[in-house]
Amino acid sequence: MHIVSMLSMPDYRLKRLQERPLYILCPVMNPESLPNIRPMSEADLDAVLLIEQSSFPVPWKREHFQHEIASPHSFPYIAEYDGRIAGYVCLMSLFEEAQILDIAVAVDQRGRGIGRHLMEKAFEVAREKDAEFMALEVRESGLAAIGLYEALGFKRTGIRANYYEATENAILMEKNIKETT
Ligand SMILES: CC(C)(COP(=O)(O)OP(=O)(O)OC[C@H]1O[C@@H](n2cnc3c(N)ncnc32)[C@H](O)[C@@H]1OP(=O)(O)O)[C@@H](O)C(=O)NCCC(=O)NCCS
């Protein structure tokens with residue numbers, strides 16, 4: 001990694017570098033080790049629930065994921081990396097609107113581009129379903145998620161006060177997905 005790119009690096013990434021051994025410093029995935037993204041199935045749910053429980057203060061239950069797998073308007077996807085389930089995204093798409101209902105990456109697999117790959121799959125599927133924009137809500141404290149969405153071109157459209165556990169605000173975000181850039 002070049003010194004110049006380290007100088008322009010955001011603080012969270014520098015901190016990550018300081019905490020990691022040298023051999024995994026390169027944040028770019030080599031093409032042979034890109035995550036494999038595929039539809040979620042019932043057999044994935046034990047692994048999905050472990051990630052969900054370590055990612056959210058109020059995690060979804062098995063029934064929520066079962067509902068997403070069964071619903072004709074929902075498109076849940078898994079990312080496999082290094083032979084195991086590393087993350088997932090639950091997309092809903094109905095007419096012109098798509099929504100990200102849930103996304104998480106295993107704590108030890110974050111910062112490798114897996115979240116970005118999952119979101120790109122969600123854009124691809126939503127466009128196939130003729131969605132024109134994608135909406136989501138995110139906790140105000142979810143700085144990694146907000147960083148991911150802003151990096152992908154989502155804009156803040158409002159706030160839902162005390163939405164989470166009646167104490168934390170939700171930030172509403174949207175992106176026009178008709179343009180592919
Ligand atoms: C949000 C989450 C899915 C991101 O997954 P990830 O695989 O670590 O993200 P990526 O490595 O693909 O990062 C893509 C971009 O997101 C942004 N990002 C990722 N982690 C970030 C952080 N800790 N702080 C700020 N921005 C961050 C950056 O712009 C990053 O691009 P860069 O690496 O080129 O700087 C992951 O942190 C997570 O599971 N969080 C807990 C669950 C959650 O909050 N889900 C969202 C619910 S709304």
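How many residues lie between β2 and β3 in their hairpin, and which residue in the turn has a positive phi? The hairpin has 2 residues between its strands, and Asp 82 in the turn has a positive phi of about 55°. The structure is a predicted model, in which local features need pLDDT of at least 70 and side-chain atom pairs count only at pLDDT 80 or more, while totals for chains, interfaces and linings use all residues. Residues are numbered from 1 along each chain as its sequence is written.

**View 1. The hairpin of β2 and β3.** Strands (DSSP runs of E, at least two residues) and helices (runs of H or I, at least four residues) are numbered from the N terminus. β2 and β3 pair in the antiparallel sense over 8 bridges; two strands pair if DSSP finds at least two bridges between them. Tyr 81 has Arg 84 in β3 as its bridge partner. β2 is largely enclosed by the rest of the structure, because 6 of its 8 residues are buried. A residue is buried if 20 or more other C-beta atoms lie within 10 Å of its own, exposed if 12 or fewer, and partly exposed in between, with C-beta atoms placed from the backbone.

**View 2. The open sheet of 7 strands.** The strand order is β1-β2-β3-β4-β5-β7-β6, with mixed pairing. β1 and β6 (155–164) stand at the edges with a single partner strand each, so one side of each is left without a neighbour in the sheet. β1 (residues 36–39) pairs with β2 in the antiparallel sense over 4 bridges, and Ile 37 stands opposite Ala 79 in β2.

**View 3. The largest nonpolar core.** This core has 34 residues, and Tyr 77, Ala 79 and Leu 118 are among those with the most contacts inside it. A nonpolar core is a set of buried Ala, Val, Leu, Ile, Met, Phe, Trp, Tyr and Cys residues joined through C-beta atoms within 7 Å. The largest share, 7 residues, comes from β3. Leaving aside neighbours within four places in sequence, Leu 118 is in contact (C-beta atoms, placed from the backbone, within 7 Å) with residues including Ile 37, Tyr 77 and Ala 79.

**View 4. Leu 172 in strand β7.** β7 spans residues 168–176. Leu 172 is partly exposed, because 17 other C-beta atoms lie within 10 Å. The C-alpha atoms of Leu 172 and Gly 158 are separated by 5.0 Å, although these residues are 14 residues apart along the chain. 7 bridges join β7 to β5, and the two strands run antiparallel.

Definitions and conventions: Contact = placed C-beta atoms within 7 Å.
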